[in-house]
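Please open the structure in your viewer and keep the selection tool at hand.

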Amino acid sequence: MATLSLDALSKTYPNGVTALHGVDLIIDDGELVVVVGPSGCGKSTLLRMLAGLESISSGELAIDGRRVNDLEPAQRDIAMVFQNYALYPHMSVADNMGYALKNQGVPRAERRRKVEETARLIGLEDLLDRRPKQLSGGQRQRVAMGRAIVREPKVFLFDEPLSNLDAKLRVQMRIEIRRLQKRLGVTAVYVTHDQVEAMTLADRLVVMNGGHIEQVGTPMHLYDQPASRFVASFIGSPSMNFIEARHADGVLTLPCGTHLPLRDGSPAEIGDAVCLGVRPEHLVQVSHSDDTTLVTEVELVEPLGADTLAHVRLDGQAELLVARLDGAQHIAEGERLYLRPDPERLHLFDPQEGHRLAAPETAS
Amino acid sequence: MATFQRHRLTPWLLLSPQLAIVAIFFFWPAFQAVIQAFYVQDPFGLGRAFVAFENFTRVLGSAEYYRALGTTVTFSISVALGAMALALLLAVLADRVIKGAHGYKTLLIWPYAVAPAVAGVLWVFMLDPELGLVSAWLGAMGIDWNHQLNGGQAMALVIMASIWKQMSYNFVFFLAGLQAIPKSLLEAAAIDNAGPWRRFWTITFPLLSPTSFFLLVMNSVYAFFETFGTIDATTAGGPGGATRTLVYKVYEDGFIGYDLGSSAAQSVLLMLLVGLLTLLQFRYLERKVQY
């Protein structure tokens, strides 16, 4: 049980490359924080700095108020689950799980008891004598989890732990990790590039880009109120549609000629040109075209069962828009489709900087 | 499949140069040695007589043979373990170096390119009782070095020269072995409360065991057979047979003493001995090799 505080944490490598530019974050006791971002955004570096595997160039890292910048990984009382599991191939499952306890000098009998207890918790009782190479991917993942749990650390760190599993197992393990973390009440930091994993696991999400934190918040807050165009495109699947538009007197004019009145009039800081963002699920199909609908032509249809994704072309727009429609309905390629952006769910971004412009009211 | 059948000869044709080399330079001489071991031959090769196992009983009945066996055991264990331990130490150090790593590695591999006799001469010059630089330093420290008279020092000299020669070979394999260990394992161990020393002995060392086992076999064979050149160039088995190993005795009895029958019998015994040793290593040690 611990709180983690990151104060202006930075990482600059000896070759002059800066991987992390001053990250500030407070992680509460028992919270599961997911750090998400594209590859190279610094999320793994951040996690390795928390673990003590990378040195901290500047800033301060504290666990439970104690500065740990210069402590060895072993002294920080953290456990980490690695992407490739990092199981010791020459040790049995029981020895893998008991390795840290053994190093701490825990007596054999107690070690055995703790390992068996943890094995029961995660369903590994029958595998304790096996070697890692005799296990399936999912079982190895479990052992890696078990090895972290058995130590009862202050903090769990997860480095993309599910990325080597097949899709079905990934969903299953995701639920299990969530359940275990809540049950044990241990503070956890989880790094992933998979936004679905991020959304479903997180108490709070941290979106990173280029060594900066773009936004921190609950998954739904980030979905409803993305602070930047980057967050908007990263959270939600399929990704948000963006349309460059002109603005005058509380009305947006799209390149195709559609006029969209803004619900709360013009935000103060809004300029002449804006970038409009609409999520695929907030494009509503209507039967007739009017001044506020987008007249589009269907180029590609992806039926997903419950939903159907329609990739449609809009006049004056280089990229295709995506609309998430009811799966029961039949849509043919080449068909004309009338779509109305939900006026409650419009997002406006600065066309150059990409930051959110004081938003039209949205449900939160 | 049909296409392969039609070219049944091609694989043999492609293999033939290698097979010919093995046959002419390995199987034929070995076969000749086995034949020779059952004959007594005059030094000029003019006549020979079949004596069955007399050569073997003569060799196995001589105290000199057992003395050479003892020398060989001391020498081989020292060389194999010494060369492996030092190579492992250097490989661990070289693996940590970041700046100029390539240069260090090249320098550490170099001694392997030196011919055994040249390596031997190099050591003889350094440790020559009269002219040697190192023996002068030793003299200044109060150690009277003379491997031409002192059997123990002669042994130390051939062991050092042989270790130096073999270390590079071991170094290359250990370095490759170290680099094949996933970094995340050591990171996981660091998080699991293991300090550097403990990490080495509980993670790195066990994971190197396949490499170590392979090198143990190779180093034993090296110490038994391939150190001939080094010994010949440094001490020539002396003083007083203090560095006369089995392989050196084969050479001495055969090419200096012209007792070809005895020499052949000894080489057959040596072959059996090393074969047996390798078999034992595979039988008892390989089982302990991890994963």
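Select residues 73–94 of chain B: this stretch is 100% helix and 0% strand, and its end C-alpha atoms are 31 Å apart. The model is a predicted one. Next, select residues 154–178 of chain B, which are likewise 100% helix and 0% strand, with end C-alpha atoms 35 Å apart.

Now show both chains together and turn to the place where they touch. Here 19 residues of chain A are in contact with 16 residues of chain B. On the chain A side, the elements that contribute two or more residues are β6 (78–81) and α2 of chain A. Which of them gives the largest share? That share, four residues, comes from α2(A). Colour this side of chain A by residue type, and it divides into 13 nonpolar, four polar and two charged residues.

Keep α2(A) selected, that is, residues 93–104 of chain A. Which of its residues are buried? They are Val93(A), Ala94(A), Asn96(A), Met97(A), Gly98(A), Tyr99(A), Ala100(A) and Leu101(A). Then step past the end of the helix: α2(A) is followed by Gly105(A), whose phi is positive, near 85°.

The domain assignment divides chain A into domain 1 (4–229) and domain 2 (240–349). The C-alpha centres of domain 1 of chain A and domain 2 of chain A lie 39 Å apart.

The last stop is a sheet in chain A. Select β15, β19, β16, β17 and β18 of chain A, which in that order form an open sheet of five strands with antiparallel pairing. Which strands lie at the edges? They are β15 (283–286) and β18 (321–326) of chain A, each of which pairs on one side only. From one strand to the next, the twist averages 50°.

As a general point, strands of a sheet pair through backbone hydrogen bonds, either parallel or antiparallel. To examine one pair, select strand β16 (residues 294–303) and strand β19 (residues 336–341) of chain A, which are joined in the antiparallel sense over four bridges. Finally, select Val295(A) and find its bridge partner in β19(A), Tyr338(A).

How values were computed:
Residues numbered from 1 in each chain as written. Chains lettered and ligands numbered in written order. Predicted model: local features only at pLDDT ≥ 70, side-chain atom pairs only at ≥ 80, totals over all residues. Buried ≥ 20, exposed ≤ 12 C-beta atoms within 10 Å, placed from the backbone. Domains from an automatic or database assignment. Contact = placed C-beta atoms within 7 Å. Nonpolar A, V, L, I, M, F, W, Y, C, P; charged D, E, K, R; others polar. Pairing = 2+ DSSP bridges. Axes fitted to C-alpha atoms, helices over the stretch in contact; angles between N-to-C directions.
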